[in-house]
Amino acid sequence: MKQTGDLFLVKKINKSIVLDMIRSRSPISRAKVSELTGLNKTTVSSLVNELIDEHLVHEMGPGKSSGGRKPLMLLFNEQAGYAIGVDVRIDSVTAVLTDLGGAIKDHCWFQLESNSAEHICGVVVRAVRELSARAPESPYGIIGVGVGVPGIVDEQGSVLFAPNLHWSGVPLQQMLTEELQLSVVIDNEANAGAVGEHKYGAAQDTDNLLYVSVSHGIGTGILLGGHLYRGSSGFAGEAGHFSIKLDGEPCSCGNKGCWELYASENALLLEAAKLDSVRKHTGGNPPALEDLIRLAEDGDPQVIAVMEHVGRHLGIGISNLINLFNPQRVIIGNRIALIEPWIAKPLYDTVKERSLSFHYARVSLEISRLKLDSGVLGAASFALQAFFAKTQISL
Ligand SMILES: [Zn+2]
């Protein structure tokens, strides 16, 4: 029995190695897979045949010959199934359909009418059903759903605390799995953003990355040595609740003077709402970020000054993070990326002034090029990881 178990495990590991090689190097010949993995040609051929039968790999016409017969090339079948990535925000839900390679094929967006867990769960279900209905036919169909939420998530996919959504103890994974009958993975939205940037964005060559997600609040995804750093209970990264002011404003987390009260989209909107030009523009209604962008594009000096002020506060927190983690790269993403033209300079200047020179010398700092897509792409990649892990186990 022991030996059978070991052989089963060895085969599982080998098949996973072969699939990973084809996914990352496609198109590739069987001989090259054998050469790069160190597995013998007979083993590779047999595992490749299984992967072809399972629709995860297909063959295409002969590649370049190194002298003998031209080899058939193997391709990873990115259209064998589709994943759905969802980003839950305070006021909206965004979802994307990706193929197994992580390329976005479709997307949808819904405005939220309330922050109740039941309402948001219902909207996520609607988004998943809409994208599923529009997905192309494929052997595996929808392989799973990944959801990023702005809160603290435990290993069972329950949202323990999401102050900006006013949630505590919401068993979101269980609620969605029961409703959708699909595999569902829940994670913090900043963790999703860090993974999205690492797999598909500017940080593909970076193993020590801080992804600072700035929208209504602030969260950070910390990638150390190529892996998400989650802390001892899985809750690391709540940098938005760094206490930066002794007698600051009360925060929804229960503390006061938190960083996100001075450096988030919400901070910007609250400050800008006091300006005459903003009140005039919105007819006295609370402004949206899009209103401020329009006014800043028209050169409104007060709106631009408020954006710059928020940019400097962001720079202060980010320089603290740089001094603490000594990362290779810091990517600032989510909604704040939409006002890059006005915040980039004050933010970068502040980081330069406030970081220790040794730390600053080697760090690359940028605003996300994926903008709002890092979170949904990362969430979809959590679903893909779960699918490939399961595929290998089901041998
Ligand atoms: Zn707080």
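N334 lies in the loop between β15 (329-333) and α12, where helices (H or I, at least four residues) and strands (E, at least two) are DSSP runs numbered from the N terminus. The phi of N334 is near 75°, a positive value in a residue other than glycine, and N334 is buried, with a relative accessible area of 4% (buried means under 20%, exposed over 50% and partly exposed in between, for a 1.4 Å probe and protein chains only). The model is predicted, so that local features need pLDDT of at least 70 and side-chain atom pairs count only at pLDDT 80 or more, while totals for chains, interfaces and linings use all residues. Residues are numbered from 1 along each chain as its sequence is written, and side-chain values use heavy atoms, with hydrogens and water left out.

A positive phi, about 55°, is also found at Q181, which is not a glycine; this residue belongs to the loop between α5 (172-180) and β11 (184-188) and, at 65% relative accessibility, counts as exposed. The peptide bond from S26 to P27 is cis, with omega near 0°, and P27 is placed in the loop between α1 (2-25) and β1 (28-29).

The zinc ion has as its protein donors H241 (ND1), C251 (SG), C253 (SG) and C258 (SG), at 2.0 to 2.3 Å, donors being N, O and S atoms within 2.8 Å of the metal (3.2 Å for Na, K and Ca), with water not among the atoms, so sites may look incomplete. Along the chain these donors follow the spacing H-x9-C-x1-C-x4-C. Of the cysteines, C258 is buried at 0% relative accessible area, whereas C253 is partly exposed at 24%.
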